[in-house]
Amino acid sequence: MDTNKKLFDLTGKRALITGGVHGLGMAMAKGLGHAGAELIVNNYSTDMLQEAKQEYESEGLKVHTYVFDVTNDEDVKKHIDLIEKEVGPIDILINNAGIIKRVPMEDMESDDYRAVIDVNLVGPFIVSKYVGRKMIARKAGKIININSMMSELGRNTVSAYAASKGGLKMLTKNMATEWAKHNIQTNGIGPGYFATSQTAPIRVNGHPFNDFIIQRTPAARWGNPEDLAGTAVFLASSASDFVNGQIIYVDGGILATIGKPANEE
């Protein structure tokens, strides 16, 4: 294997992807799997896990599935210990599990706000803590937190989500600050707007939001889930061994520009 290919080779590595049962999480997990990683996919319930497992295996990928709640300390600790016993050491962690509740801030219930923070910000803290302890003992590891453009920007009805993703950006930086000395690289990926099953109803010509995204994005298109795979592989591989505490935005250039004036072609 030539040097360049070896830099991105994940053969022999094990990757845990929380919430990796569909959409962007699955796309990133597939990217790691096709680069050689053995996959461990989590979901908070058995729903969708079996179907996801079949899809991974249909592409020839080796995958294990585990049900646990990323917001529950005891549940996470028990399952991280179990995974390391049954599958082997976790070399790569992608904190992908997340939720969003679209409610105007003045109408949002505190319990709903806390629920979003709990999954999107407390969850990555808990999972990273228990995986990180084992990585520290082994003096090696890659952690990738899935951020968002809402780590940098606000938007109507997503106060809880934006707060959680802004907090996750700073948690990522602090994890890098504390754990880089243990040869653990902690970085984040901030996806832009992607073509997934969830966005299918609005990705039609003439829909106001579809038109807005096409016009607002310098690349003039929605992202394809596969567009995230390369970034995930880079941050999971030895190619990123001196990259730490960074958020890479895979957004077609949205955050690079203030946008086109209304009278500009």
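Predicted model: local features only at pLDDT ≥ 70, side-chain atom pairs only at ≥ 80, totals over all residues.
Let's start with tyrosine 56, which sits in helix α3, residues 49–58; helices here are DSSP runs of H or I with at least four residues, strands are runs of E with at least two, and both are numbered from the N terminus. Tyrosine 56 is buried, with a relative accessible area of 0%.

Residues are numbered from 1 along each chain as its sequence is written, and side-chain values use heavy atoms, with hydrogens and water left out.

Back to our tyrosine. Which residues does tyrosine 56 touch, not counting those up to four places away in sequence? They are Gly20, Gly25, Met26, Ala29, Lys30, Leu39, Val41, Leu61 and Val63, where a contact means heavy atoms within 4.5 Å. Valine 21 is 35 residues away from tyrosine 56 along the chain, and their C-alpha atoms are separated by 9.5 Å.

Glutamate 59 is partly exposed, at 35% relative accessible area. Setting aside residues up to four places away in sequence, glutamate 59 touches Lys30 and His34. Lysine 30 is also among the contacts of tyrosine 56.

Buried or exposed, which is glutamate 38? It is buried, with a relative accessible area of 16%. Beyond its neighbours within four places in sequence, glutamate 38 is in contact with Lys13, Arg14, Ala15, Lys62, His64 and Val87.

Now let's zoom out for a moment. The protein chain has eight helices and seven strands. Its radius of gyration is 18 Å, close to the 18 Å from the globule rule for 265 residues, so the chain is as compact as a globular protein of that length. That radius is taken over C-alpha atoms, and the rule is 2.2 Å times the number of residues to the power 0.38. Along the principal axes, the C-alpha trace spans about 60 × 50 × 40 Å. Buried residues account for 48% of the 265. Looking at contacts between residues at least 6 apart in sequence, 72% join residues at least 24 apart.

Next stop, helix α6, which covers residues 159–179 and includes alanine 163. Alanine 163 is partly exposed at 31% relative accessible area. Apart from neighbours within four places in sequence, alanine 163 is in contact with Tyr113 and Ile117. Methionine 150 is 13 residues from alanine 163 in sequence, and 8.0 Å from it in space, C-alpha to C-alpha.

Threonine 157 belongs to the loop between β5 (141–146) and α6, and its phi is near 70 degrees, a positive value in a residue other than glycine. Threonine 157 counts as partly exposed, at 30% relative accessibility. Asparagine 183 lies in the loop between α6 and β6 (184–191). Although not a glycine, asparagine 183 has a positive phi of about 65 degrees, and it is partly exposed at 38% relative accessible area.

Finally, helix α7, residues 208–216, where Phe209, Asn210 and Ile213 are buried. Why do these three lie on the same side of α7? They cover an arc of only 105 degrees around the axis, which puts them on one and the same side; the arc is that of the directions from the helix axis to the C-beta atoms. Pro208 and Gln215, on the other side of α7, are exposed.

The loop from α7 to α8 (229–236) holds alanine 219, partly exposed at 41% relative accessible area. Its C-alpha is separated by 8.7 Å from that of aspartate 251, which is 32 residues away along the chain.

Methods:
Buried < 20%, exposed > 50% of the residue type's maximum accessible area, 1.4 Å probe, protein only.
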